[in-house]
Amino acid sequence: MQRVCFLLKVRPERLEEYRERHRAVWPEMLEALRATGWRNYSLFLREDGLLVGYLETEDFEAARAAMAATEVNARWQAEMAPFFESLDGRPDEGMVSLEEVFHLN
């Protein structure tokens, strides 16, 4: 199982709307994430807009590619893109993955 952590930056003026959108993620988006292997997926948001994502998956590149191939993901990414700073493209393409340097099991 791969543990993946990534960073993005939400525009400060859009923080509350970003939170609101994630309180009501589309059911078909949730199903697509599950079906493509995204497990134990969490997003953490700091007040300055730093977004930290964490997920577990068997193969991150395969899970990303499978999600990228879904129609619901294309719609979600198009709606979410304006929420982010310094993003050239879709949020799922702009994730900055972090290197895992320690894990306590």
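Buried means under 20% relative accessible area, exposed means over 50%, and partly exposed is anything in between, computed with a 1.4 Å probe on protein chains only. With those words in hand, let's start the tour.

The model is predicted, so local features need pLDDT of at least 70 and side-chain atom pairs count only at pLDDT 80 or more, while totals for chains, interfaces and linings use all residues. Residues are numbered from 1 along each chain as its sequence is written, and side-chain values use heavy atoms, with hydrogens and water left out.

**Stop 1: arginine 3**

Please select arginine 3, which is found in strand 1 (residues 2-9). Helices (H or I, at least four residues) and strands (E, at least two) are DSSP runs, numbered from the N terminus. Arginine 3 is partly exposed, because its relative accessible area is 30%.

Now show its surroundings, taking contact to mean heavy atoms within 4.5 Å. Leaving aside neighbours within four places in sequence, arginine 3 is in contact with Tyr54, Leu55, Glu56, Glu100 and His103. Which side chains make polar contacts with the side chain of arginine 3? One is that of glutamate 100, at 2.9 Å, and another is that of histidine 103, at 3.2 Å. A polar contact here is a pair of N or O atoms within 3.5 Å; within protein, one must be able to donate a hydrogen and the other to accept it, and residues adjacent in sequence count only if both atoms are side-chain atoms.

For a sense of scale, draw a distance from the C-alpha atom of arginine 3 to that of methionine 80: the two are separated by 24 Å and lie 77 residues apart along the chain.

**Stop 2: the other end of strand 1**

Select lysine 9 and glutamate 85, whose side chains meet in a salt bridge at 3.8 Å, N to O. Glutamate 85 lies in the loop between helix 4 and strand 4 and lysine 9 in strand 1, so the pair ties together parts that are 76 residues apart in sequence. The term salt bridge means a side-chain nitrogen of Lys or Arg within 4 Å of a carboxyl oxygen of Asp or Glu. Lysine 9 is partly exposed, at 27% relative accessible area, and glutamate 85 is also partly exposed, at 27%.

How many salt bridges does a search of the whole structure find? The search finds 12.

**Stop 3: a charged network**

Next, select Glu16, Arg19, Glu20, Arg23 and Glu47, which are linked in a network of salt bridges. Zoom in on glutamate 16 and arginine 23, whose side chains meet at 2.8 Å, N to O. Glutamate 16 counts as partly exposed, at 46% relative accessibility, whereas arginine 23 counts as exposed, at 51%.

**Stop 4: helix 2**

Move to helix 2 (residues 27-35) and colour Met29, Ala32 and Leu33, which are buried. Looking down the axis of helix 2, you will find its buried residues within an arc of 100°, so they line one face of the helix. That arc is taken from the directions from the helix axis to the C-beta atoms. What covers these buried residues includes strand 2 (39-45), helix 3 and helix 4. Turn to the other side of helix 2, where Pro27 and Ala35 are exposed.

While here, select glutamate 28 and arginine 75, whose side chains meet in a salt bridge at 3.4 Å, N to O. This pair links distant parts of the chain, with arginine 75 in helix 4 and glutamate 28 in helix 2, 47 residues apart. Arginine 75 counts as partly exposed at 35% relative accessibility, and glutamate 28 counts as partly exposed at 38%.

**Stop 5: two positive phi angles**

Glycine 37 follows helix 2 and has a positive phi, near 95°. Then pick asparagine 40, found in strand 2: its phi is positive, about 50°, although it is not a glycine. Asparagine 40 is partly exposed, with a relative accessible area of 49%.

**Stop 6: threonine 70**

Where is threonine 70 found? Look in the loop between helix 3 (60-68) and helix 4 (71-80). A polar atom of the threonine 70 side chain lies 2.8 Å from the backbone oxygen of methionine 67. The side chain of threonine 70 also reaches the backbone nitrogen of asparagine 73, at 3.2 Å.

**Last stop: phenylalanine 102**

Finish in the segment after strand 4 (96-97), where phenylalanine 102 lies. Phenylalanine 102 is exposed, with a relative accessible area of 66%.
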